[in-house]
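Please load the structure in the viewer and follow the stops below. Each stop names a selection and then describes what is found there.

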Amino acid sequence: LIHRSPCRARFSALPILPVITAGGCIMFGIMAATRLEALHFTQDPATGLQAIIAIHSTLLGPALGGCRYFAYADTHSAVADAARLAQGMSYKAALAGLPFGGGKAVILRPPHVANRGALFEAFGRFIETLNGRYISAVDSGTKAFDMDCIAQQTQHVTSTSSAGDPSPHTAMGVFAGIRSSAMARLGCDDLQGLRIAVQGLGQVGYALAEQLAAAGAELLVSDLDPGRVLLAVEQLGARALHSDELAATPCDIFVPCGLGGVLDQATVAHLHCAVVAGAANNQLASPEVADLLEARGILYAPDYVINSGGLIYVALQHQGAELPAISAQLTRIGQRLTDIYAQAQAQNRSPARVAAEQAEALLYPH
Ligand code: NAD
């Protein structure tokens with residue numbers, strides 16, 4: 001059934017989107033599909049802010065999750081992204097044993113911004129209205145300076161300039177997870193000489209590529225930004241490939257570090273690797289893709305387990321923990337994956353399904 005969403009009144013300044021639902025409001029459809037606790041919207045014409053905060057769960061604690069700043073094709077995509085990302089954060093925090101729930105914010109990047117600082121300050125005021133139920137952090141498109149602007153208006157923010165960037169910690173956790181994955185599938189956690197394809201050389205992907213190069217891996221890389229690719233070629237001796245080619249190029253380990261949804265039926269059919277293990281959130285276009293990977297004999301590291309290093313860092317740092325205690329938690333990511341792989345093998349199921357069931361047992365105890 002194609003009709004106009006009854007929720008469109010909330011977006012009177014935006015184009016009205018035709019949506020497909022089984023009846024009722026598309027927003028509630030997304031909320032039901034992701035079991036979201038709450039969805040909050042704001043706009044501030046003075047700064048151009050249009051933002052969404054999705055709170056997936058506060059059962060285990062306040063909803064902690066990054067703020068994405070991105071030019072979405074339409075509002076529906078932004079809401080769906082926020083909801084799925086928030087759900088992933090709940091699963092991530094639960095499996096990492098953190099006393100936090102999951103949430104995510106997206107700011108719809110306007111074509112022109114007169115004053116970026118003012119826009120993020122307006123977003124900070126929005127966070128403050130939620131009385132600590134949502135705590136923000138950096139994510140794709142945002143930096144510590146943006147969090148500093150948010151911090152002018154609310155204390156419910158992490159990863160400010162003084163708190164430090166979580167990306168290197170995410171990269172550290174992914175590196176540990178890649179080694180565990182190599183051990184589980186290739187029988188050795190030494191990455192020397194392995195051909196590893198890194199898609200996306202942003203804050204996490206580049207830091208990870210540095211570690212992989214230092215471990216002696218042969219690096220294949222792609223990024224939409226030619227400057228990042230050039231840097232990896234010149235600094236790390238990586239071989240550059242076009243983004244469309246990289247996933248289909250033969251390698252030992254494919255490492256998605258760009259945006260989500262990169263693993264769909266078509267991509268999986270063309271993968272030539274033994275392992276997929278990367279930082280990107282929501283790598284699977286749908287949960288069934290995990291079974292396709294399994295059927296092709298490709299080991300998949302559940303994204304919200306392997307990329308939990310950044311969350312562990314910001315969560316523990318927000319609680320006042322010191323670096324050695326945080327680092328000790330980061331090193332457990334590898335073991336967590338090893339345990340999931342062992343359980344998956346024993347039960348003849350995909351690691352993604354095992355991880356999801358473990359998280360859901362914590363999030364929905366009754
Ligand atoms: P970023 O924005 O700094 O980097 C993303 C990079 O990927 C950019 O350089 C972009 O050009 C590139 N890219 C996007 N689509 C691509 C494609 N199709 N092919 C090749 N390159 C592509 O983001 P980031 O902070 O490095 O995060 C990367 C991913 O990891 C995101 O999915 C993010 O949600 C996830 N993640 C990040 C953290 C963190 O600590 N920053 C923590 C957990 C998960």
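Predicted model: local features only at pLDDT ≥ 70, side-chain atom pairs only at ≥ 80, totals over all residues.

Residues are numbered from 1 along each chain as its sequence is written, and side-chain values use heavy atoms, with hydrogens and water left out.

Next, switch to a cartoon. The protein shows 14 helices and 14 strands, taken as DSSP runs (helices: H or I, at least four residues; strands: E, at least two) and numbered from the N terminus. The radius of gyration is 20 Å, close to the 21 Å that the globule rule gives for 366 residues, so the protein is as compact as a globular protein of that length. That radius is taken over C-alpha atoms, and the rule is 2.2 Å times the number of residues to the power 0.38.

Colour by accessibility: 53% of the 366 residues are buried (under 20% relative accessible area; exposed is over 50%, partly exposed in between; 1.4 Å probe, protein chains only).

Now select the charged pairs. The structure holds nine salt bridges, each a side-chain nitrogen of Lys or Arg within 4 Å of a carboxyl oxygen of Asp or Glu.

Select Asp139 and Arg68, a salt bridge whose closest N and O atoms are 2.9 Å apart. Asp139 is in the loop between strand 8 (134-135) and helix 4 (144-151) and Arg68 is in strand 6 (residues 67-70), so this pair ties together parts 71 residues apart in sequence. Both Asp139 and Arg68 are buried.

Move to Glu218 and Arg195, where the closest N and O atoms of the salt bridge are 3.3 Å apart. Glu218 belongs to strand 10 (residues 218-222) and Arg195 to strand 9 (residues 195-199), so the pair ties together parts that are 23 residues apart in sequence.

Then select Arg353 and Asp291, whose salt bridge has its closest N and O atoms 2.6 Å apart. Arg353 lies in helix 14 (residues 351-363) and Asp291 in helix 10 (residues 289-295), so parts 62 residues apart in sequence are tied together by the pair.

Finally, select Arg68, Asp81, Lys104 and Asp139, which salt bridges with shared partners join into one network.
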